[in-house]
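Subject: Structure handover

Hello,

Here is the structure I promised to pass on. Please open it first, then read my notes on the two ligands below.

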Amino acid sequence: MTELLDQLRTAVGDAHVLTEPADVAAYVVDWTGTHQGRALAVVRPGSTAEVAAVVRACAESRTPVVPQGGNTGLVGGGVPDASGTAVVLSLGRMRSVREVDPVAGTITVDAGVVLADVQAAAERAGRLFPMSLGSEGSCTIGGNLATNAGGTAVLRYGMTRELVLGLEVVLPDGRVWDGLRGLRKDNTGYDLTQLFVGSEGTLGVITGAVLRLFPATPRHATAWVAVPSVAAAVSLLGTAQQHGGVHLSTFEIANRQAIELVLAHLPGAVDPLAAPSEWYVLVELAGSASDEGLDETLESLLGDAVEAGTATDAAIAGSPAQRDALWALREGISEVQKVEGATLKHDVTLPIADLADWTEAMGPRLQEVLPGVRPVTYGHVGDGNLHYNLNAPVGRDDDLRAAAGDLTTAIYDAVAAAQGSISAEHGLGRTKAAAAASYKSDVEVDLMRAVKQALDPAGLMNPGAVVPPA
Ligand code: FAD
Ligand code: MLT
Ligand code: ZN
């Protein structure tokens, strides 16, 4: 082991191989606090060549490698297990924006660039990089690609896999695949870029990416809308699509329980509406500088919704600060759930047509499993994606932990019965790998294992994540 540590120090410099428990601590626990691992070392390479040297040295000594970006993942994929045998490979020092080409509509970045920095670089070039997540101030583009992250702009621009044109990847044996061509059209066989998107560090280490840019959307019309039910929200989605057309960029839902936690725990949060509502929708239209009339479109769509009974009240942002305040109500939910106490996350997708019935049926079913459990339901309803998260009955965190398995099984069985997915956007990581295998067909699991075996025959890249061992 000393030999490996010496090789790693030679590869990246002494200062970037961390072994002291205090230095390693933040890299071995995940954001949710449920996965506490141990590591042989944390290694922080500063270039693709250094990543390749690290991976090669680990391959030679048969040492597992866990790639890590901003460590904001929600399924435990970015932290090692408790064995203490793995090296955490952090991309945190690889933060260069390599090139911006506004005419081609591309930006080429190191994998460790923080998402907010990619957005800012695009904006400086007069373009938009549309991906937007609550964790955008600390998650990295490598982590976004590795998890095929979603977020609040998927409705208009698609998941991460729709925003990438090419990748640079260090393979499990230390070779570098340079796929950074950035071509819109390239039908030369299997799509290797897409193979690595969503692979959660199990097939290689993403070190660079060419991403798509879009025309800037400096104009926004934003409303926080009270809706009586999920069925009403789905109906409002249809109205918003009809009125908003291509400008509809956000359509997010939250239940009253979620907003009560935000009002209780987020400093400065204020309920923008006079009376409480069971459900809320954050709707936003976005357009270019010449797209006048977004406010009128929003008002007319809300007018139609009130008339149809699918909305009961709305607050329209009258300034950028008011817009930020409405967004904070939505983006703050994840954080305040943690402040409130024990949480159980279920990031599920359902066919949009089934969302309302599914949600109606789920509430009473969970009360049978754990009376008093609090569904904190929110998410990207325009994509059929609910964060069907649970908080413990007030003051009873241990009861939630004890009932976690039964609650999750009840939810996942209902998702499977509705032909949905148990991971819409967070991935499988360590939390969901076994469950996903049990809900997938044997053929699907075999194919996934075959891909893993072909690229990583020694099984050293992020073992235990995504594909459970046979
Ligand atoms: P990490 O957490 O470091 O790693 C995540 C996974 O990717 C791990 O399996 C890791 O091994 C792998 N990985 C990381 N970097 C690389 C690399 N360079 N090469 C290969 N593998 C790599 N997710 C959504 O999809 N939508 C949301 O709306 C959303 N909102 C969030 C809000 C909050 C407050 C938080 C804390 C998280 C949220 N997430 C969301 C989850 C998370 O932010 C995203 O999954 C993000 O993409 C993870 O990026 P990261 O750099 O932090 O990756
Ligand atoms: C979000 O959209 O806020 C997150 O993906 C949800 C979560 O933290 O569970
Ligand atoms: Zn989300």
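Start with glycine 73. One of its backbone N or O atoms lies 2.7 Å from an oxygen atom of ligand 1. Please keep in mind that this is a predicted model.

Two further polar contacts reach ligand 1. A polar backbone atom of glycine 151 is 3.4 Å from a nitrogen atom of the ligand. At glutamate 425, a side-chain N or O atom is 3.0 Å from a nitrogen atom of ligand 1. Taken alone, ligand 1 exposes 970 Å², and the protein buries 96% of that. The space ligand 1 takes is the largest pocket.

Now the residues around ligand 1. There are 36 of them. Pro67, Thr72, Gly73, Ser135 and Thr140 come nearest. By type, the shell divides into 23 polar, 11 nonpolar and two charged residues.

Where in the chain does the shell around ligand 1 come from? Strand S3 (65–68), helix H5 (141–147) and strand S10 (205–212) each supply at least two residues. H5 gives the most, with five. In terms of domains, domain 1 (2–90) and domain 2 (97–215) each provide at least three residues of this shell.

On to ligand 2. Histidine 426 has a side-chain N or O atom 2.7 Å from an oxygen atom of the ligand. For glutamate 425, the distance from a polar side-chain atom to an oxygen atom of ligand 2 is 3.2 Å. Taken alone, ligand 2 exposes 270 Å², of which the protein buries 90%.

Ligand 2 also sits in the largest pocket. Strand S18 (374–380) and strand S19 (385–391) are the elements that give two or more residues to its shell.

The residues around ligand 2 are Leu74, Arg330, Ser334, Lys345, Tyr378, His380, His387, Asn389, Glu425 and His426. They divide into five polar, three charged and two nonpolar.

One residue is worth a second look. The side chain of glutamate 425 has an N or O atom 3.0 Å from a nitrogen atom of ligand 1, and a polar atom 3.2 Å from an oxygen atom of ligand 2.

Over to you.

Best wishes

How values were computed
Residues numbered from 1 in each chain as written. Chains lettered and ligands numbered in written order. Predicted model: local features only at pLDDT ≥ 70, side-chain atom pairs only at ≥ 80, totals over all residues. Heavy atoms only, no water. Near = heavy atom within 4 Å. Polar contact = N/O pair within 3.5 Å; in protein donor to acceptor, adjacent residues only side chain to side chain. Areas by Shrake-Rupley, 256 points an atom, 1.4 Å probe, with all protein chains shown as cover. 1 Å grid on protein atoms, 1.4 Å probe; cavity = no way out; pocket = protein on both sides within 12 Å on 5 of 7 lines; lining within 4 Å. Sits in = over half its atoms within 2 Å of the grid points. Helix = DSSP H or I, 4+ residues; strand = E, 2+ residues; numbered from the N terminus. Nonpolar A, V, L, I, M, F, W, Y, C, P; charged D, E, K, R; others polar. Domains from an automatic or database assignment.
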